[in-house]
Amino acid sequence: MGFFTEPELFRLGLTEQQAREQHGDSINVYKVTGGEVDRFIAERDKTPLMKIITDKRGRILGAHAAGKNASDWMHEVVAAKAWKKPLRSFSSIVYPYPSRGEIIKKAADLYWREKLFDSSVTKLLKKYVQRFR
């Protein structure tokens, strides 16, 4: 749902608080700002903010954004939630460069970065490597 304010607001699904009430600590929150996306930087608009809330498997529980035309660059999240696609599926999309939609891909990349560096396997490997130093 888009709210036609200035800046435009976008909301889909649960808020972070609602997700915590319903799912406890088994949620992940991914935030990306306009200052991290080349299109927004090129337009000198670093104010956009996006947050996607997922369960531990990466399924989208909620998404929120604020910025110029937020409902336009968040429409993919609506489709992904409706089709039960996990956030990680955005990592494989090739976006035109530069595009505002890349903000979603950056959130998906945060998902993968978390899985890579904060996984139990990674923690076990760190312990193993430290043992032999």
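Analyst: Contact here means heavy atoms within 4.5 Å. Beyond its neighbours within four places in sequence, Asp55 is in contact with Ser26, Ile27, Asn28 and Leu61. This is a predicted model, in which local features need pLDDT of at least 70, side-chain atom pairs count only at pLDDT 80 or more, and totals for chains, interfaces and linings use all residues. Residues are numbered from 1 along each chain as its sequence is written, and side-chain values use heavy atoms, with hydrogens and water left out.

User: Is Asp55 buried or exposed?

Analyst: Buried means under 20% relative accessible area, exposed over 50%, and partly exposed in between (1.4 Å probe, protein chains only). Asp55 has a relative accessible area of 10%, so Asp55 is buried.

User: How is an aromatic pair described?

Analyst: By the distance of the ring centres and the angle of the planes. Rings of Phe, Tyr and Trp (its six-membered ring) pair if their centres lie within 6.5 Å; planes under 30 degrees apart count as stacked, over 60 as edge-to-face and the rest as tilted. The count by this rule is three aromatic pairs. In one of them, Tyr30 and Tyr111 have ring centres 6.2 Å apart and planes at 65°, so the pair is edge-to-face. Both Tyr30 and Tyr111 are buried. Phe40 and Trp73 also form an edge-to-face pair, with 5.3 Å centre to centre and 70° between the planes.

User: Which residues form one aromatic cluster?

Analyst: The cluster consists of Tyr30, Tyr111 and Trp112.
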